[in-house]
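Please read the points in order with the structure in view.

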Amino acid sequence: MAECLQLPIIDISSPDRISTANSIRQACIDYGFFYLINHGVEDQLLQNVFNESKKFFSLPLEEKMKLARKGYVGFSPVYAENLDSTTSSKGDLKESFHVGPIEGSESHVNQWPSKEILPSWRLTMEEYYQKVLSVGKRLASLIAMALNLEDDFFEKVGALDKPFAFLRLLHYPGEVEDSGEVVYGSSAHSDYGMLTLLATDGVCREKHNQPRIWEDVLHVKGAFIINLGDMMERWTNCLFRSTLHRVMPTGKERYSMALFLDPNPDCIVECLKSCCSDSSPPQFPPIRSGDYLRERISAAYSSSS
Ligand SMILES: O=C(O)CCC(=O)C(=O)O
Ligand SMILES: [Fe+2]
């Protein structure tokens, strides 16, 4: 039985932004994960999104496949994505649906279930997307303060101007086929971007240690679980951690949703001056956010059959 991890709890509504930023700094150095409370996204909206998500995933596969993933958005059936092809060749036992930036862009045009089948689906998802994105932007300003930067740093470098934010709805089926192969719900991975607002039930804090030690993360009602992505690790030269995590099949059906807040595709992510020195040079070369994401996403989708 994995041990339960007590993650720090951050209250985003606290008027004392400096002490909140200090707590975030410590959480990002120690864990790369924390709970976020008092974020202002109403319980009712969260419940509505879960309900709509369940309705979509309950549709017949052929109906869902009409919205099969194009570019970065739409439906992916079970085994389509493999987050860690070194541990499993089959792919992850989950289905997902991605909603991208609401205003659209050349790289994607959102796909929506038909109004006849799911009348309130699109409005619910759009409302949730906008609200969680605005929480993510508020959090990004506290993270900038946590790095001793101006609170609008991530705006100034262009990361938050039309950010590449994706809402991912996830459904892990309850029944597990006994094929003799190890199958994960979401195999071990770190997220790719800046930060993620999600619910998850397993996290490994020591990504470079072998054997890995996995610790459970409990669900706290109404709280988002925040984790940092690899681009934040690159910005901070590994001061802030993008922690490896995974979801194990438990034999029980599970739904979750994650908003990945990724920088604008043209944003250049390079080591912050305050995070490197002669004795601690940059560990990663600068990258264009869009190129980095494309590479990571295509690797996760190409290795599965
Ligand atoms: O389903 C979850 O709770 C976590 C999913 C996740 O880590 C991901 O999609 O990146
Ligand atoms: Fe993840």
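1. Axes are lines fitted to C-alpha atoms, for helices over the stretch in contact, and angles run from 0 to 180 degrees between N-to-C directions. Two packed helices are described by the angle between their axes and the distance between the axes. Helices (H or I, at least four residues) and strands (E, at least two) are DSSP runs, numbered from the N terminus.

2. The model is predicted: local features need pLDDT of at least 70 and side-chain atom pairs count only at pLDDT 80 or more, whereas totals for chains, interfaces and linings use all residues. Residues are numbered from 1 along each chain as its sequence is written, while chains are lettered from A and ligands numbered from 1 in the order in which they are written.

3. The protein chain contains 7 helices and 15 strands. Its C-alpha atoms fill a box of roughly 55 × 40 × 35 Å along the principal axes. The radius of gyration (taken over C-alpha atoms; the globule rule is 2.2 Å times the number of residues to the power 0.38) is 19 Å, which agrees with the value near 19 Å for a compact globule of 305 residues.

4. Helix H1 (residues 17-30) packs against helix H4, which spans residues 121-146. The angle is about 80° and the axes are 8 Å apart; the two helices are therefore roughly perpendicular, the term for angles of 65 to 115 degrees. On the H1 side the contact (C-beta atoms, placed from the backbone, within 7 Å) involves Arg17, Thr20, Ala21, Ile24, Arg25 and Cys28, and on the H4 side Leu142, Ile143, Met145 and Ala146. These residues comprise 7 nonpolar, 1 polar and 2 charged. Here Ala, Val, Leu, Ile, Met, Phe, Trp, Tyr, Cys and Pro count as nonpolar, Asp, Glu, Lys and Arg as charged, and the others, Gly among them, as polar.

5. In which order do the strands of the open sheet of 8 strands lie? The order is S2-S3-S11-S8-S13-S6-S5-S4, with mixed pairing; two strands pair if DSSP finds at least two bridges between them. Strands S2 (9-11) and S4 (74-76) are the edges, each pairing on one side only. On average, neighbouring strands are turned by 25° against each other, direction ignored.

6. Strand S8 (residues 195-198) is covered on both faces, with Leu195 and Leu197 buried on one side and Thr196 and Leu198 buried on the other. A residue is buried if 20 or more other C-beta atoms lie within 10 Å of its own, exposed if 12 or fewer, and partly exposed in between, with C-beta atoms placed from the backbone. S8 pairs antiparallel with S11 (residues 224-228) over 4 bridges, where leucine 197 is partnered by isoleucine 226. To S13 (residues 254-262), S8 is joined antiparallel by 3 bridges, and leucine 195 has leucine 261 as its bridge partner. Helix H4 lies across several strands, including S8, to which it runs at about 130°.

7. Asparagine 38, in the loop between S3 and helix H2 (43-57), has phi near 55°, a positive value in a residue other than glycine. Asparagine 38 is exposed because 12 other C-beta atoms lie within 10 Å. Tyrosine 79, in the loop between S4 and S5, has a positive phi near 70°, and its 16 C-beta neighbours inside 10 Å make tyrosine 79 partly exposed.

Methods. Two residues are in contact if their C-beta atoms, placed from the backbone, lie within 7 Å. Angles under 35 degrees count as roughly parallel, over 145 as roughly antiparallel, 65 to 115 as roughly perpendicular and the rest as oblique.
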